[in-house]
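Here's a quick briefing to read with the model open beside you. Have a look at it first, then come back for the notes.

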Amino acid sequence: MAADTRQRPKRRLSPAFLLILPSIIFMLLLFAWPMVSGVLQAVRSPDGFSMIYINRMLADPGFWAAVRNTLLLIVVLLPLQFLLALVMALLLQAKPKGQGIYFYLWAVPLGVSDLAAGLVWLSIFADRGYLNSVMDTLGIGPVSWLSYQNYGSMFLAVVIAELWRATSLVMVIVVSGMQGIPKDYDEAANVFGATYLQRLRHVWLPLLKPSLQVALILRTILAFQTFAVAWALTGQDFQVLVGETYRWYTALQNPNVASALALVVMALSMLAAVVYLRVLRDDTGSGK
């Protein structure tokens, strides 16, 4: 039997792969390569593999204070933000007069940068700020809200500023999720005599679960990156993880320890995202 001398056609790249190839290259250059470089910078010394920079990070008292403050901010901020965002979304769903104005007013902080928001609230909480001016007018002595000696008031100021700045993002996600809820479900619950709280608990919240999951993951990751607001209000008196990264990189001129801190932020963010995805996983379609 004569050998088949016909040349086999060359394989061509599929059009789908060619379409996503620029995105793959972009992701590799913008995310993968910097991440690999950061890992190598944190665990490599002139003598080779070393834990010296990680040990230096762990030995720094500021690191543990930053971890405590960052986690405390997340624990306090997230429930308050989601509660306020849900209340705002429910008020908009009730369609009061001027609901469009309310929505745009509540969404204004989305257009304000972190640093600008911190400076706005600095003008309020500073020793000669608006809040102390009002208190002085009322005959109440001024308070050093941002003094390192008053940790409680300093923490409260950061919480309020972050609450004002970031709640609007959660509200927009929740509002968009509520607009996707079929009206038939709510009308059926209303026909069967369900109260407002029962409809909220058994109809709206379960159907809002995907939106709340996205908002929770996004807000947690962004909360781990809190920096500009805290820095504008308190400087280095209220330490957070990203603030410590900035301090090691600029003031202490040690990019290796800064890379180790950045890896901690990335690891905590990824861990939180994985936990949320597993805890809030929807098994309704799994057949269990």
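How are α10 and α13 oriented to each other, roughly parallel or roughly antiparallel? They are roughly antiparallel (an angle over 145 degrees; under 35 would be roughly parallel, 65 to 115 roughly perpendicular and the rest oblique). Bear in mind that this is a predicted model: local features need pLDDT of at least 70, side-chain atom pairs count only at pLDDT 80 or more, and totals for chains, interfaces and linings use all residues. Residues are numbered from 1 along each chain as its sequence is written, and side-chain values use heavy atoms, with hydrogens and water left out.

**α10 against α13**
- These helices (DSSP runs of H or I, at least four residues, numbered from the N terminus) pack at about 165°, with axes 9 Å apart; axes are lines fitted to C-alpha atoms over the stretch in contact, and angles run from 0 to 180 degrees between N-to-C directions.
- From α10, Gln-213, Leu-216, Ile-217, Thr-220, Ile-221 and Phe-224 meet a set in α13 that includes Val-265, Leu-268, Ala-272 and Tyr-276 (contact means heavy atoms within 4.5 Å).
- That contact divides into ten nonpolar, three polar and no charged residues (Ala, Val, Leu, Ile, Met, Phe, Trp, Tyr, Cys and Pro count as nonpolar, Asp, Glu, Lys and Arg as charged, the others, Gly among them, as polar).

**α12 against α13**
- Here the angle is about 165° and the axes are 7 Å apart, which makes α12 roughly antiparallel to α13.
- Among the α12 residues that meet α13 are Leu-241, Thr-245 and Trp-248, and their α13 partners include Pro-255, Leu-261 and Val-265.
- This contact splits into eleven nonpolar residues, one polar and one charged.

**The cores**
- The largest nonpolar core has 48 residues, and Met-57, Phe-63, Val-174, Leu-241 and Leu-261 touch the most other members (a core is a set of buried Ala, Val, Leu, Ile, Met, Phe, Trp, Tyr and Cys residues joined through side-chain atoms within 4.5 Å).
- Helix α3 gives the most to this core, with twelve residues.
- Leaving aside residues up to four places away in sequence, Val-174 touches Leu-86, Ala-89, Leu-208 and Leu-212.
- A second, separate core of 19 residues includes Met-154, Val-158, Ala-161 and Ala-230.

**Trp-121**
- Trp-121 sits in helix α5 (residues 114–125).
- It counts as buried because its relative accessibility is 15% (buried means under 20% relative accessible area, exposed over 50%, partly exposed in between, with a 1.4 Å probe and protein chains only).
- Not counting residues up to four places away in sequence, Trp-121 touches Ile-160, Ala-161, Trp-164 and Leu-233.

Key: Helix = DSSP H or I, 4+ residues; strand = E, 2+ residues; numbered from the N terminus.
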